[in-house]
Amino acid sequence: QVQLVESGGGLVQAGGSLRLSCAASGRTVSNYAMGWFRQAPGKERELVGATTRSGASTYYPDSMKGRFTISRDNAKNSVYLQINSLKPEDAAVYYCAADPKLHSLVVVTTDKDVHIELWGQGTLVTVSS
């Protein structure tokens with residue numbers, strides 16, 4: 001069983017940058033497409049972006065393009081989320097997720113019939129203005 005553990009969250013000033021990490025233990029993460037999601041208080045969980053098993057291709061919703069970059073290092077069994085030019089509205093709990101299918105990660109927030117194989121516990125990002 002793969003377990004996902006996020007780290008790197010914290011308090012950051014608006015305009016700053018942050019790099020979140022997600023470390024996988026158990027089975028090799030290269031068997032999974034990986035995604036990052038976030039959920040702010042009182043709001044639905046939303047997709048930040050997702051990457052293929054190799055990391056060769058990455059998908060971002062239009063609302064996330066430009067300031068968010070996902071990368072992965074399969075040799076380290078890890079995936080990363082770089083966030084630049086942080087805004088107060090970026091404050092949320094950020095989760096990484098793993099699923100054999102990239103498509104599942106892309107549609108899970110809009111398709112109730114889709115279930116993701118594995119979620120991390122999340123890491124809190126707070127942005128001060």
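## R72 and its strand

R72 has its place in strand β7, where strands are DSSP runs of type E of at least two residues, numbered from the N terminus. This is a predicted model, in which local features need pLDDT of at least 70 and side-chain atom pairs count only at pLDDT 80 or more, while totals for chains, interfaces and linings use all residues. Residues are numbered from 1 along each chain as its sequence is written, and side-chain values use heavy atoms, with hydrogens and water left out.

A salt bridge needs a side-chain nitrogen of Lys or Arg within 4 Å of a carboxyl oxygen of Asp or Glu.

What does the side chain of R72 reach instead? Another is the backbone oxygen of Y32, which lies 3.0 Å from a polar atom of the R72 side chain. Both belong to the polar contacts, meaning pairs of N or O atoms within 3.5 Å; within protein, one atom must be able to donate a hydrogen and the other to accept it, and residues adjacent in sequence count only if both atoms are side-chain atoms.

## The hairpin and the sheet

Strand β7 runs antiparallel to β8 (residues 78–83), and 6 bridges join the two. Strands pair if DSSP finds at least two bridges between them. Across this pairing, R72 stands opposite V79 in β8. The hairpin has 4 residues between its strands, and N77 takes a positive phi near 55° there.

Zooming out, the order β1-β3-β8-β7 describes an open sheet of 4 strands with antiparallel pairing. Its edge strands are β1 (3–7) and β7, each of which pairs on one side only. From one strand to the next, the twist averages 20°, taken between lines fitted to C-alpha atoms, with angles running from 0 to 180 degrees between N-to-C directions.

## Salt bridges

The count of salt bridges comes to 4. One of them joins R38 to D90, with the closest N and O atoms 2.9 Å apart. R38 lies in strand β4 (residues 33–39) and D90 in the loop between β8 and β9 (92–99), so this pair ties together parts that are 52 residues apart in sequence. R38 is buried at a relative accessible area of 9%, and D90 is buried at 1%.

D90 also forms a salt bridge with R67, where the closest N and O atoms are 2.7 Å apart. R67 sits in the loop between β6 (58–59) and β7, so its pairing with D90 ties together parts 23 residues apart in sequence. At 18% relative accessibility, R67 counts as buried. Through shared partners, salt bridges join R38, E46, R67 and D90 into one network.

## The disulfide

How many disulfides does a search of the whole structure find? The search finds 1, given that a disulfide is a pair of cysteine sulfur atoms within 2.5 Å. This one joins C22 to C96, with an S to S distance of 2.0 Å. The link is right-handed, with 50° about the S-S bond.

The pair links distant parts of the chain: C22 belongs to strand β3 (residues 18–25) and C96 to strand β9, 74 residues apart. C22 is buried, with a relative accessible area of 2%, and C96 counts as buried at 0%.

Key: Buried means under 20% relative accessible area, exposed over 50%, partly exposed in between (1.4 Å probe, protein chains only).
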